[in-house]
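User: I would like to go through this chain with you and ask, for each label you attach, what the label rests on. Please set each value against its definition before you conclude.

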Amino acid sequence: MTPPRPRPERLRVGSIGRPHGIAGTVRIVGLPDWFTLVTGAELIVGGEPMHALLVRGALVDFAGISTREEADALRNRVVEIPADEAPEPEEDAFWIFDLIGCAAVCGERRLGEVVEVLDRPANDILVIGGGLLVPFIREAVPVVDLDARVIEIAEGFAEPAAE
C-alpha cells in the first residue's frame with residue numbers, strides 16, 4: 001500500500017464538452033455531482049486560467065469566448081480548479097487523487113493498486129494495476145477506506161473480463 005499522495009496544485013473537475021448555442025457557451029462534462037461551479041470563478045482550462053462570466057449548472061460562459069467556433073476550439077480540454085479552493089467531497093464522494101495508490105482487495109486477496117480513474121459518462125472506472133477495470137459503483141466497490149488506503153472490490157468484479 002502506498003501512502004496518500006500529496007494534494008496536487010490543481011484538481012480536475014471535468015472537461016469541456018460541446019458548445020451550447022451560438023454565443024460561446026460551453027458545457028462542462030464529468031462534473032462531480034457534489035461540486036458546484038460558480039459565476040466569477042477562475043478555472044484552469046487546458047492549463048490556462050479562464051474567468052467564468054456566467055455559470056448555469058454545467059453551462060459556462062468564459063471571458064473572451066463569444067462564438068460557437070471559439071467554444072468548440074475548447075472541446076475536450078481539462079477543467080481544473082486550484083486545490084486550495086477545493087471543497088471537501090461529500091460523504092461517499094472522492095477526489096481522484098485520493099483513490100490513486102489505494103490497495104484494491106477482494107476479501108483477503110490483494111488485486112493490486114488503483115493506478116488510474118477513467119471518467120466515463122455512466123460512472124468512473126477504477127484501473128487496477130495489472131489491467132483490471134472496475135466500475136466505481138457501490139455494487140462493485142462496497143468499501144473505500146481512505147485512512148487505511150484500501151478499496152474493497154466485490155467478488156463478481158474482481159476478475160478481468162473473459163476474452
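**Labels and their grounds**

Analyst: Arginine 149 is buried, with a relative accessible area of 5%, where buried means under 20%, exposed over 50% and partly exposed in between, using a 1.4 Å probe and protein chains only. The model is predicted, so local features need pLDDT of at least 70 and side-chain atom pairs count only at pLDDT 80 or more, while totals for chains, interfaces and linings use all residues. Residues are numbered from 1 along each chain as its sequence is written, and side-chain values use heavy atoms, with hydrogens and water left out.

User: What is the phi of arginine 149, and where is the place of this residue?

Analyst: Phi of arginine 149 is near 60°, a positive value in a residue other than glycine, and the residue sits in the loop between β11 and β12 (150–152). Most residues other than glycine have a negative phi.

User: Is asparagine 76, which has a positive phi, buried or exposed?

Analyst: Asparagine 76, with a phi of about 75° although it is not a glycine, lies in the loop between α1 (68–72) and β6 (78–82). Its relative accessible area is 62%, and therefore asparagine 76 is called exposed.

User: How much of the chain counts as buried?

Analyst: Of its 163 residues, 39% count as buried.

User: What makes the largest pocket a pocket, and which residues are closest to its centre?

Analyst: On a 1 Å grid over the protein atoms alone, a cavity is a set of points where a 1.4 Å probe fits but cannot get out, whereas a pocket is an open set with protein on both sides within 12 Å along at least five of seven lines, and lining residues have an atom within 4 Å of a point. The largest pocket holds about 990 Å³ of space, a volume being the space filled by probe spheres set on the points, which are joined across faces, edges and corners. Of the 35 residues lining this pocket, Pro32, Trp34, Phe94, Asp124 and Phe136 are the closest to its centre. The elements giving two or more residues to the lining are β1 (10–20), α2 (96–99) and β11 (143–145), and β1 gives the most, with five residues.

Notes: Helix = DSSP H or I, 4+ residues; strand = E, 2+ residues; numbered from the N terminus.
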